[in-house]
Amino acid sequence: MNLDKNSQTEERAEKTLALLEKEEREFRNHWVWKELQCTPEQFFKAVDQHVKSLNIPQEKWNVMYEQTKQASKVRALERRTLFNPMNLKMIGALRV
Amino acid sequence: MDAIYTHQARIGAVGTLQTTGTASETDLENAIGVAQLADLNAQLSELASSMKEQLEAKQEIREELSNLQSYDNRETATTPSGDEACEITVEEYEELQNSGYDTLQFVEKEDGSGYYLLKDGLETTINQKQEELAGLNSSSELMALQVQSLVDQRKNALTLLSNLYSGKNEILMNIIRNLKS
């Protein structure tokens, strides 16, 4: 039924939001911020200042940034695909 | 403005970056990796807000649908002109009028005791709302995939930062000095 499908989608959206909240907590409580003795936002500001001090032309920075961003997306996808239990089951790596 | 680094930096498999200065290619890549953390964080924040808004919008539509369907489930009546309808009270009529449904059609009862809500218009309105909900659901599925990708990317960027810190990377040490000054 259409309504059931809608409820399932909403349930998934709620789970995604719950995951986001959990990830956010873990991100903010990561040991590196305690070591750096700052909040993520303070760190980002310092990074921004440092990057500006490197005096790299904006266009070149944008190209490098975009390339690294794409590589990062692919790495994240590969990691998720490689370690997906369904894929491991399909190749017989896991006993059902 | 001219770049200030002298090293030939090979970026991926595409082109080279002519620079003059003391930072190596690795330093620049690390700086980018760390800078991306801010970008990923901002994107996730925005996505979370959009998802919450969308969820609220869907919940509102579901309530509207439930209300409209309750009218559709009423016993069918026939208007004087022979149209299929259901009977509603004056209060229900006013409520439906205020809800702003353009496609609902009403016929006032001759004795003024209420109204007929025509089935055709009601079914059209229900279909429209269901399509609206389906559209939001598709968008929501896409957002969930984006969230997963961004979360993974942010984890990787945070791991890079942690490794740079553990390795006392010079670029990071400079950033920390800026932080403390």
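Figure 1. B:Ser162 is placed in helix H3 (residues 119–166) of chain B; helices (H or I, at least four residues) and strands (E, at least two) are DSSP runs, numbered from the N terminus. This is a predicted model, in which local features need pLDDT of at least 70 and side-chain atom pairs count only at pLDDT 80 or more, while totals for chains, interfaces and linings use all residues. Residues are numbered from 1 along each chain as its sequence is written, chains are lettered from A and ligands numbered from 1 in the order in which they are written, and side-chain values use heavy atoms, with hydrogens and water left out. B:Ser162 counts as buried because its relative accessibility is 7% (buried means under 20% relative accessible area, exposed over 50%, partly exposed in between, with a 1.4 Å probe and protein chains only). Not counting residues up to four places away in sequence, B:Ser162 touches A:His30, A:Trp31 and A:Val32, where contact means heavy atoms within 4.5 Å.

**Figure 2. Helix H3 of chain B and the residue B:Lys168.** H3(B) has 48 residues and spans 69 Å from its first C-alpha to its last, close to the 70 Å expected at 1.5 Å a residue; the expected span is 1.5 Å times one less than the number of residues. B:Lys168 follows H3(B) and is located in the loop between H3 and H4 of chain B. Its phi is near 50 degrees, a positive value in a residue other than glycine. Most residues other than glycine have a negative phi. With 56% relative accessibility, B:Lys168 counts as exposed.

**Figure 3. Contact of H3(B) with H4(B).** The axes of these two helices come within 8 Å and cross at roughly 90 degrees; axes are lines fitted to C-alpha atoms, for helices over the stretch in contact, and angles run from 0 to 180 degrees between N-to-C directions. H3(B) and H4(B) are therefore roughly perpendicular to each other (angles under 35 degrees count as roughly parallel, over 145 as roughly antiparallel, 65 to 115 as roughly perpendicular and the rest as oblique). H3(B) contributes B:Leu161, B:Leu164 and B:Tyr165 to the contact, and H4(B) contributes B:Leu172, B:Met173 and B:Ile176. By class, this contact has 6 nonpolar, no polar and no charged residues; Ala, Val, Leu, Ile, Met, Phe, Trp, Tyr, Cys and Pro count as nonpolar, Asp, Glu, Lys and Arg as charged, and the others, Gly among them, as polar.

**Figure 4. Contact between H3 of chain A and H4 of chain B.** The axes of H3(A) (residues 40–53) and H4(B) (residues 170–180) come within 9 Å and cross at roughly 115 degrees. H3(A) is thus roughly perpendicular to H4(B). On the chain A side, A:Gln42, A:Phe43, A:Ala46, A:Val47 and A:His50 meet B:Ile171, B:Leu172, B:Asn174, B:Ile175, B:Asn178 and B:Leu179 of H4(B). The contact comprises 7 nonpolar, 4 polar and no charged residues.

**Figure 5. A:Gln37 in the loop between H2 and H3 of chain A.** A:Gln37 lies between helix H2 (31–36) and H3. Phi of A:Gln37 is near 55 degrees, a positive value in a residue other than glycine. A:Gln37 counts as exposed, at 65% relative accessibility. Chain A has 5 helices and 0 strands, and 31% of its 96 residues count as buried.

**Figure 6. Surroundings of B:Leu65.** B:Leu65 lies in helix H1 (residues 25–72) of chain B and, at 0% relative accessibility, counts as buried. Leaving aside neighbours within four places in sequence, B:Leu65 is in contact with B:Ile126, B:Lys129, B:Gln130 and B:Leu133. The C-alpha atoms of B:Leu65 and B:Leu133 are separated by 9.6 Å, although these residues are 68 residues apart along the chain.
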